[in-house]
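Hi everyone, thanks for making time today.

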Amino acid sequence: MIGNLPFVACMVLIALGFWTLLFKRNLVKLVIGVGLIESGVNLFLVALGYVRGGVPPIYTYAPAGAPMVLPTPQALTLTSIVIGLATTALMLAFAVVIYRHKGTLDARKIRELRG
Amino acid sequence: MSRWVMLLAFAVAAGFLIFGAVAVRPFGDPPRAEMDGYFNRFSQPEVAANNAVTAIVFDYRGYDTLGEATVLFTAVTGVALILRRWRA
Amino acid sequence: MTVVVRTIARLLFPVALAFGGYVIMHGHLTPGGGFQGGAVAASALAMVLVAFGPSRLKDKKGLLSALESLGGTAFVVLGFLGLGVTFFANVLAGSHGLFGRPVPYGPNPGDLNTAGTLPLMNWAVGFKVLAGLGAVVLLFALFGGEDDR
C-alpha cells in the first residue's frame with residue numbers, strides 16, 4: 001500500500017525545478033530546471049493513467065486477463081517529451097549565443113537590453 | 001529581502017503542489033476510463049496493431065503527431081538559424 | 001579522443017544504428033516506435049561526434065537535411081493515403097496487402113506483417129527524428145570552432 005506516494009514524488013520533482021528556476025543564476029542550470037519540471041509533469045501524466053495491477057497496453061505476449069493501464073496519457077506524454085526536447089534545444093542554442101555575445105552565463109548580468 | 005520573498009513563494013507553491021498530489025484521487029484508480037478502454041479493446045480489430053500506444057499516436061490521434069513533427073522541424077530550423085549566423 | 005574511444009565508437013556505431021532500426025521496425029509490436037528508435041540512432045551519431053570531432057560529419061549536413069525532408073513528406077503522404085475515408089485513416093490495415101494481415105483480439109506472439117500504415121509511418125518519423133536530432137547535435141558541435149580533439 002503506497003497511497004499517493006508516486007504523485008507526491010512527481011510534485012517533489014516539479015518543486016525542485018521551481019527551486020532551480022528561483023535560486024540559480026547560471027543559464028544552463030535554468031535550462032536544467034525547466035527540464036526537471038518537464039520530467040515531473042511527464043511522470044505525473046503517466047502515473048495518472050496507472051490502473052492497479054495493470055500491465056502495459058501491448059498485446060505481444062501479454063498475460064491473459066490482466067487489466068491494462070490507460071494508453072492515452074502515455075501517447076500524449078510521448079508528444080510532450082518530443083516538444084520538451086525541441087524547446088530544450090532552442091533554449092540551449094540561445095544560451096550559446098548569449099555566451100558568445102556577453103561572455104557570461106549569469107542571468108543577473110545579462111538583464112539589460114542593449115546589444 | 002527579495003530572497004525571503006522568493007523563499008516564501010517557493011514554500012507556498014511547493015505546499016500547494018504536495019497538497020494537491022495528496023488530495024487529487026487515489027493512485028491506480030482512474031475514475032473515467034471509457035475512452036482508454038475503447039482504445040485497448042479495439043486497437044487490435046480496427047488498427048491491427050498489438051501496441052495500443054502506437055495505434056493512438058499514429059492512427060486515432062494522427063493530427064497530434066503531425067503537429068509534433070512540425071514542432072520538431074521548427075525547432076531544428078530555429079537552432080540552425082541561431083547557430084549559423086554568428087559563425088566565428 | 002584517444003584511440004580506445006575511437007575504436008569502441010567504430011565498433012559500436014553499426015550496433016547502435018541497428019538497435020535503432022530494430023526499435024523502429026517493431027514499433028507496432030513492442031515498446032518503442034519511431035521517435036524512440038530515431039533517438040537511439042541519433043545517439044549513435046552523437047557518439048561519432050564525441051569520438052572523432054565535428055569535422056568527420058561536416059559534409060553530412062546535406063544528407064541529414066534530405067532525410068528530414070524525406071521523412072516529413074512521407075509522413076504527410078501516408079496521411080493523405082487515407083483520404084478516401086478521412087485524413088490519417090488506416091486503409092492498409094486488414095486489407096490482406098502490404099502490412100495488411102488482420103489481428104484477432106487478445107494476446108498473441110506478434111506478427112510483423114500487420115498494422116497497415118503504422119510501420120511505414122514509424123519509419124518516416126524515425127528518419128525524421130534521426131535527422132533532426134543529428135542535425136541539432138552537429139550544429140552545436142560545429143558552432144564551437146574546429147578543434148579536433
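Let's start with salt bridges between chain A and chain B: the count there is 0. Please keep in mind that this is a predicted model. What the two chains do have is an interface that buries about 4000 Å², with 73% of that on carbon and sulfur atoms. In terms of residues, 46 from chain A are in contact with 43 from chain B. There are polar contacts too, 14 residue pairs across this interface, with both partners at pLDDT 80 or more.

Which elements of chain A give two or more residues to the side that touches chain B? They are helix 1, residues 5–23, helix 2, residues 27–48, and helix 3, residues 71–102. Helix 3 of chain A gives the most, with 20 residues. Sort that side of chain A by class and you get 37 nonpolar, 7 polar and 2 charged residues.

So where are the salt bridges? Over all chains, the count comes to 2. One pairs E34(B) with R32(B), with the closest N and O atoms 3.8 Å apart, and both of these residues are exposed.

The other is K128(C) with E68(C), where the closest N and O atoms are 3.0 Å apart. K128(C) sits in helix 4 of chain C, residues 118–143, and E68(C) in helix 3 of chain C, residues 61–80, so this pair ties together parts that are 60 residues apart in sequence. Buried or exposed, for K128(C)? Buried, with a relative accessible area of 6%. E68(C) is buried as well, at 7%.

As a general point, nonpolar side chains in soluble globular proteins tend to be buried together. In this model the largest nonpolar core has 51 residues, and those with the most contacts inside it are F58(B), L83(B) and F75(C). The largest share, 14 residues, comes from helix 4 of chain C.

Leaving aside neighbours within four places in sequence, L83(B) is in contact with A93(A), V96(A) and V97(A) on one chain, and with L139(C), F140(C) and F143(C) on another.

Finally, there is a second, separate core of 11 residues, and among them are V8(A), I14(A), A47(A) and F27(B). That's my tour, and I'm happy to take questions.

Note on methods:
Residues are numbered from 1 along each chain as its sequence is written. Chains are lettered from A and ligands numbered from 1 in the order in which they are written. This is a predicted model: local features need pLDDT of at least 70, side-chain atom pairs count only at pLDDT 80 or more; totals for chains, interfaces and linings use all residues. Side-chain values use heavy atoms; hydrogens and water are left out. Contact means heavy atoms within 4.5 Å. Buried area is the accessible area (1.4 Å probe) that two parts lose on being put together, summed over both. A salt bridge is a side-chain nitrogen of Lys or Arg within 4 Å of a carboxyl oxygen of Asp or Glu. A polar contact is a pair of N or O atoms within 3.5 Å; within protein, one must be able to donate a hydrogen and the other to accept it, and residues adjacent in sequence count only if both atoms are side-chain atoms. Helices (H or I, at least four residues) and strands (E, at least two) are DSSP runs, numbered from the N terminus. Ala, Val, Leu, Ile, Met, Phe, Trp, Tyr, Cys and Pro count as nonpolar, Asp, Glu, Lys and Arg as charged, and the others, Gly among them, as polar. Buried means under 20% relative accessible area, exposed over 50%, partly exposed in between (1.4 Å probe, protein chains only). A nonpolar core is a set of buried Ala, Val, Leu, Ile, Met, Phe, Trp, Tyr and Cys residues joined through side-chain atoms within 4.5 Å.
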